[in-house]
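Reader: I would like to learn how to read a few features of a protein model. Please take them one at a time.

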Amino acid sequence: MTQVMVPDNYYLDYFMRLIDLVRQRYGDLLSPSDALFLQAIDQTDPVALRLLIRLYLRKGPCFVTAKLHYREVPDCARALTALLKQGLIEADPVVFAWQLIDLLPVAQSRQLFSPDEPRCRKSDLIARWLDDATLQPCSAWGLTEAIIQPTGAASYRRLQLLYFGNERQTLTEFVLEDMGLFKYESYRLDRSNRLFQDADDITTTLTLNDLADDFYRLCDAKDWPALTKLSAQVLALQPSGRLARRHHRLLNRIAYRLEQAGELDLAVTCFSTNNQPPARERLTRIAFKRGQYQDCLSQLTSIAEQPVCSDETAFYQRFINRVLGKLDRPKLAFPAPTLRVTQAHWVRGSGSVEVQACEQLGDAVWLENALPLGVFGLLYWPVIFADVPGVWQHPFQSGPTDLYDEDFCAKRQTWLASLATHSKAQWRTALIERWHTKHGLANPFVHWAALSLAVLLACFDALSQAQWFGLSQHLWADLRRHRAGFPDLFQYHDDGYCFIEIKGPGDKLQDNQIHWLTQFARLGINAEVCYVRYDAQPAL
């Protein structure tokens, strides 16, 4: 395979683009330490900066200088000297013993920290020294090799957060776009369209991220006693606006683990901070577990009167009669969904039941959610990528940051109202045009590789405009939950069409599948459930 040679400033150019946009949008919110960090960057030789960016992209925080070799940094020693002069790296940093053990080859770690055990494993060494509180320079631990550590890690972290709006994405996004793996829609990026409006917002976001990382680390270690302390830290935060939703999601995750660990009082405290699902469901279940059936009924009544999502409605219908039975009250009857059911008997083949269904039925494609969501994503492209303040942070977004927020549609009434006035012929023309002009651009609902224009048009033509409008309205009502559960197959031919949910032996309908089949029935869309039974095994 031919090695691809990238320009010397490949990664540095990405970093400078990141810095330029952050300065334009957030210059007024940068901290004094951030300003000093950027000043040092401005005053440092580009070749030295190439090395610094490489270090930021690697696992750290410490590095053995003798092992630093990069084609774009021909004189590493000179680059290190330049970085030291600007205070962008620290020589002989103070570290814990376990950090050195993790950094060094295992044989060298044994010599320094366990010379009498020549076969001691690195993981055992780290575990042995993990609780040691001694913090001292690398040389004080007996190390003779030169070790350096980049400084400004906190500022680098904040700059990435300000650019991307999250900590999931990194400079790698630039690389992926350059390689052509991902392409993105264009949208306005300026100060009026930024996510963070004050410095406290930035600090709170980083704190929430750190607490979330701590939560997952404690769960991996099954350290449930420490989870109690963590919950107190999370409860002490009082974020508002969009951060409140993230705060509540973390509290609910913590509460669920506390419930599993038997810490019911603390779990109730955490769940009671919000109505974000599944908080009310869990509160109901905890009350039921404690025999507090009247409290259960109160929670269920509240859910029935104002369900936050379809999941809560499904839970109410499943659970209410258990509670009524405990209270010696008459049980409720809920009408079963009216679903069209068919039976099929085939010889078992080698592929999945869905693949066999396509072969047996003919004129059918197995696309599940990708097909109706693809039509939806193309039709509502102007709504998804509308110029709404605060939802576009960087050039690498497949959708706006508020896509699943409750007020998503409220912020885009102008675009939604405009589309509602168009005829089905206009919708079809727009669908075709966007297929050609937007093809390959990231969209949270369009899976380009799985779709073809012919199948999309066949699906679009099969339904009336009122039916598409009804499906779209239901999707907008709760995008996060309603985007899944569509039937497996779409069968179309000259005589008509049908959406088919295929169920093999022992397979049952899931709640979200029943939900969508019920919506199809309400809108008069032809759909059915096909239960497959295998009559015989294929001959070997």
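Author: What follows goes through a sheet, the cysteines, a helix end, a pocket and a cavity.

Author: This is a predicted model, in which local features need pLDDT of at least 70 and side-chain atom pairs count only at pLDDT 80 or more, while totals for chains, interfaces and linings use all residues. Residues are numbered from 1 along each chain as its sequence is written, and side-chain values use heavy atoms, with hydrogens and water left out.

Reader: In what order do the strands of the open sheet run, and is the pairing parallel or antiparallel?

Author: Strands of a sheet pair through backbone hydrogen bonds, either parallel or antiparallel. Strands here are DSSP runs (E, at least two residues), as helices are (H or I, at least four), numbered from the N terminus; two strands pair if DSSP finds at least two bridges between them. The open sheet has three strands in the order E1-E5-E2, with antiparallel pairing. E1 and E2 are the edge strands, each pairing on one side only.

Reader: Is Cys498 buried or exposed?

Author: Buried means under 20% relative accessible area, exposed over 50%, and partly exposed in between (1.4 Å probe, protein chains only). Cys498 is buried, at 5%, and Cys358 is buried at 19%.

Reader: What is Leu523 in contact with?

Author: Leu523 lies in helix H25 (residues 511–523) and is buried, at 18% relative accessibility. Contact means heavy atoms within 4.5 Å. Leaving aside neighbours within four places in sequence, Leu523 is in contact with Gln467, Gly470 and Leu471. Leu523 and Leu471 are 52 residues apart in sequence, yet 8.1 Å apart in space, C-alpha to C-alpha.

Reader: Which helix gives the most to the lining of the second largest pocket?

Author: On a 1 Å grid over the protein atoms alone, a pocket is an open set of points with protein on both sides within 12 Å along at least five of seven lines; a cavity is a set where a 1.4 Å probe fits but cannot get out, and lining residues have an atom within 4 Å of a point. Grid points are joined across faces, edges and corners, and a volume is the space filled by probe spheres set on the points. The second largest pocket has a volume of about 560 Å³. Of its 21 lining residues, the closest to its centre are Ala314, Gln317, Asp511, Ile514 and His515. H25 gives the most to this lining, with seven residues.

Reader: What lines the largest cavity?

Author: The count comes to one cavity of 30 Å³ or more. Its lining includes Leu367, Glu368, Phe486 and Asp488. Helix H18 (370–379) and strand E8 (489–493) are the elements that give two or more residues to that lining.
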